[in-house]
Amino acid sequence: MNLIYTGKTKNVYELEDGNYLLKFKDDVTGENGVFDPGANTVGLTMEGAGQAGLRLTKFFFEALKEKGIPTHYIDANIEEATMTVKPATVFGKGLEVICRYRAVGSFLRRYGLYAEEGQALDAFVEVTLKDDDRQDPPISEDALDMLGILSKDEYQVLKDLTKQIGNVVKEELAKKDIELYDIKFEFGRTGENKQIVLIDEISGGNMRAYKNGEYIEPLKLEKLMLESK
């Protein structure tokens with residue numbers, strides 16, 4: 001295996017068959033020892049976080065496959081904390097796409113003059129650049145198109161997929177009486193036709209989920225979701 005990328009929460013290896021292997025770490029994003037899915041730095045290490053994140057990712061990616069929603073997922077090895085995926089090319093130098101159902105986090109920090117904490121949002125989709133130096137700035141559809149990062153048609157596909165996938169996650173969490181406040185996705189192009197697919201992961205580390213008004217940290221979320229499966 002050839003290590004080609006070292007990320008905050010996982011490493012990426014190139015396999016001989018042209019696919020890739022993602023190795024999940026126990027590191028999670030945050031600041032000053034406090035977990036924050038929207039942070040740009042690794043804030044702490046939680047033992048078992050890598051396997052927990054992979055278990056949820058496997059669960060959600062397989063649920064998406066059943067519904068015909070395209071992803072880069074091939075299979076997963078929980079014991080090794082690894083996931084095999086199809087190769088995909090990211091947009092520009094990487095985008096993050098957030099689907100918001102309640103006003104929390106950076107949305108509230110930016111729009112607090114108009115929004116109240118926890119205010120309901122109608123699956124609001126926003127795109128941010130993966131740019132740690134500039135604090136992952138939000139970017140509009142027009143700017144994405146003008147800068148050649150993705151076309152307006154691709155933006156619409158991205159937005160529609162984000163809402164579809166967010167809804168699947170939201171419905172699965174609701175089965176456990178858990179409410180999804182927001183979730184972060186990544187997408188890429190794959191194959192000769194450059195199909196837009198979901199990449200990376202869907203785990204407790206990239207969402208805010210609450211039960212009875214209390215935030216659920218990533219390891220507990222995995223247990224609550226998969227304890228009876």
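Let's start at Thr9, which sits in the loop between strand S1 (2–6) and strand S2 (10–14). The model you are looking at is a predicted one. Leaving aside neighbours within four places in sequence, Thr9 is in contact with Lys23, Phe24, Lys25, Asp27, Val28, Thr29 and Glu201. The C-alpha atoms of Thr9 and Asp177 are separated by 28 Å, and these two residues are 168 residues apart along the chain.

**Two loop residues with positive phi**

Asp177 deserves a visit of its own. Asp177 belongs to the loop between H4 and strand S13 (179–190), and its phi is near 60°, a positive value in a residue other than glycine. Ala81 also has a positive phi, about 55°, although Ala81 is not a glycine. Its place is the loop between strand S7 (73–77) and strand S8 (82–85).

Are these two residues buried or exposed? Ala81 is buried, with a relative accessible area of 6%, whereas Asp177 is exposed, with a relative accessible area of 58%.

**How helix H1 meets H4 and H5**

Helix H1 (residues 49–66) has contacts with two helices described here, H4 and H5. The table gives the geometry of each pair.

| Helix pair | Axes come within | Crossing angle |
|---|---|---|
| H1 (residues 49–66) and H4 (residues 152–174) | 11 Å | roughly 120° |
| H1 and H5 (residues 218–226) | 9 Å | roughly 40° |

Take H4 to begin with. The axes of H1 and H4 cross at roughly 120°, which makes H1 oblique to H4. The crossing of H1 with H4 is right-handed. On the H1 side the contact is made by Phe59, Phe60 and Leu64, and on the H4 side by Ile165, Val168, Val169, Glu172 and Leu173. Sorted by class, the residues of this contact are seven nonpolar, no polar and one charged.

Now for H5. The axes of H1 and H5 cross at roughly 40°, and that makes H1 oblique to H5. This crossing is left-handed. Here H1 brings Ala49, Ala52, Arg55, Leu56, Phe59 and Phe60, which meet Leu219, Leu221, Glu222, Met225 and Leu226 of H5. The contact of H1 with H5 has nine nonpolar, no polar and two charged residues.

Glu172 lies in helix H4, while Phe59 and Phe60 are among the H1 residues that make the contact with H4. Met225 is one of the H5 residues that meet H1. Glu172 counts as buried because its relative accessible area is 13%, under the 20% cut-off.

Lys163 is found in helix H4 too. Its relative accessibility is 36%, so Lys163 counts as partly exposed. Not counting residues up to four places away in sequence, Lys163 touches Ala123 and Val125.

**Aromatic pairs**

How many aromatic pairs does a search of the whole structure find? It finds seven. One of the pairs is formed by Phe59 and Phe60, with 5.1 Å centre to centre and 65° between the planes, an edge-to-face arrangement. Both Phe59 and Phe60 are buried. Phe59 and Phe60 are also among the H1 residues that meet H5.

Tyr181 and Tyr210 make another pair: their ring centres are 3.8 Å apart and their planes are at 15°, so the pair is stacked. Tyr181 lies in strand S13 and Tyr210 in strand S15 (residues 207–211), so this pair ties together parts that are 29 residues apart in sequence. Both Tyr181 and Tyr210 are buried.

Technical notes:
Residues numbered from 1 in each chain as written. Predicted model: local features only at pLDDT ≥ 70, side-chain atom pairs only at ≥ 80, totals over all residues. Heavy atoms only, no water. Axes fitted to C-alpha atoms, helices over the stretch in contact; angles between N-to-C directions. Helix = DSSP H or I, 4+ residues; strand = E, 2+ residues; numbered from the N terminus. Parallel < 35°, antiparallel > 145°, perpendicular 65-115°, else oblique. Left-handed = near helix turned anticlockwise from the far one by under 90°. Contact = heavy atoms within 4.5 Å. Nonpolar A, V, L, I, M, F, W, Y, C, P; charged D, E, K, R; others polar. Buried < 20%, exposed > 50% of the residue type's maximum accessible area, 1.4 Å probe, protein only. Phe/Tyr/Trp six-rings, centres within 6.5 Å; stacked < 30°, edge-to-face > 60°.
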